[in-house]
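The sequence and structure come first.

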Amino acid sequence: YSKRFTKDQSYTLFLKNDLLPDFDSIQYHVSIIPDQFPQIQVEQFADSADWKRNYFAGDASDDYGIRSISYNYIIKRKNGSEDPIKTKPVSQGDQGKASSFTYVFDARDFLLEPGDAISYYFEVWDNDGVSGSKSSRSQILEYKEATDEQLAKLEDSNNEDIKNKMEEALKEARKLQ
């Protein structure tokens, strides 16, 4: 006899044979420890020399084990349409109960047009073989490709900052003379 327990339950065994004409019983209680959802934490680090590149470091864990970690993204076009969601594996196979991972996001890999955006997140799947794998997601992040107008404004702002710093440097140089 076999039975799969999915919740706390008691059961009783009744024992009887030729040597024991009056039956005897023994009672057991099975306590189930439910499988929890996996956990994921991701930290983003901007590349100070390249604003189109970000680095990610993350940690994932599960009470019974991790099956996989993936990077998922959707490209939202400036005309309002969306590409289908795409998934890239970050790590596969048996990860144990905890795993650290890194990922590099480079906007140039997606051939975005000015005004396009990309929403992305990381997802961890556990290895629950009884109820089926469960997943947890990181926060949803977004990168938006600057439009020509936004780039022009940024350039004007940078030029103004440079002009102000040059004027300050000239004032300081005159004071030193």
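## Lys 52 and its surroundings

The side chains of Lys 52 and Glu 145 are joined by a polar contact of 2.7 Å; a polar contact is a pair of N or O atoms within 3.5 Å, where within protein one must be able to donate a hydrogen and the other to accept it, and residues adjacent in sequence count only if both atoms are side-chain atoms. The model is predicted, with local features needing pLDDT of at least 70 and side-chain atom pairs pLDDT 80 or more, while totals for chains, interfaces and linings use all residues. Residues are numbered from 1 along each chain as its sequence is written, and side-chain values use heavy atoms, leaving out hydrogens and water.

Lys 52 sits in the loop between strand E3 (39-46) and strand E4 (53-61); strands (E, at least two residues) are DSSP runs numbered from the N terminus. With a relative accessible area of 17%, Lys 52 is buried (buried is under 20%, exposed over 50%, partly exposed in between, with a 1.4 Å probe and protein chains only). Leaving aside residues up to four places away in sequence, Lys 52 touches Phe 105, Asp 106, Ala 107, Arg 108, Tyr 143 and Glu 145, contact meaning heavy atoms within 4.5 Å.

## Salt bridges

Side chains of opposite charge can pair when their charged atoms come close. The count is 13 salt bridges, each a side-chain nitrogen of Lys or Arg within 4 Å of a carboxyl oxygen of Asp or Glu. One of them links Glu 142 to Lys 76, with the closest N and O atoms 3.9 Å apart. Glu 142 belongs to strand E10 (residues 141-144) and Lys 76 to strand E5 (residues 66-76), so this pair ties together parts 66 residues apart in sequence. Lys 76 is partly exposed, at 29% relative accessible area.

Asp 83 and Arg 77 form a salt bridge with an N to O distance of 2.8 Å. Asp 83 is partly exposed at 21%, and Arg 77 is partly exposed at 25%. Asp 128 pairs with Lys 134 at 2.9 Å between the closest N and O atoms, and both residues are buried.

## Nonpolar surface patch

Tyr 11, Leu 13, Leu 15, Leu 20, Ile 26 and Tyr 28 make a nonpolar surface patch of about 490 Å². Patch residues have over 30% relative accessible area and no salt bridge, with nonpolar side chains (Val, Leu, Ile, Met, Phe, Trp, Tyr) joined within 5 Å and like charges within 9 Å; areas come from the Shrake-Rupley method with a 1.4 Å probe, and for residues only the protein chains shown count as cover.

Strand E1 (9-17) and strand E2 (20-30) are the elements that give two or more residues to the nonpolar patch. Tyr 11 lies in strand E1 and is partly exposed at 31% relative accessibility.

Key:
Helix = DSSP H or I, 4+ residues; strand = E, 2+ residues; numbered from the N terminus.
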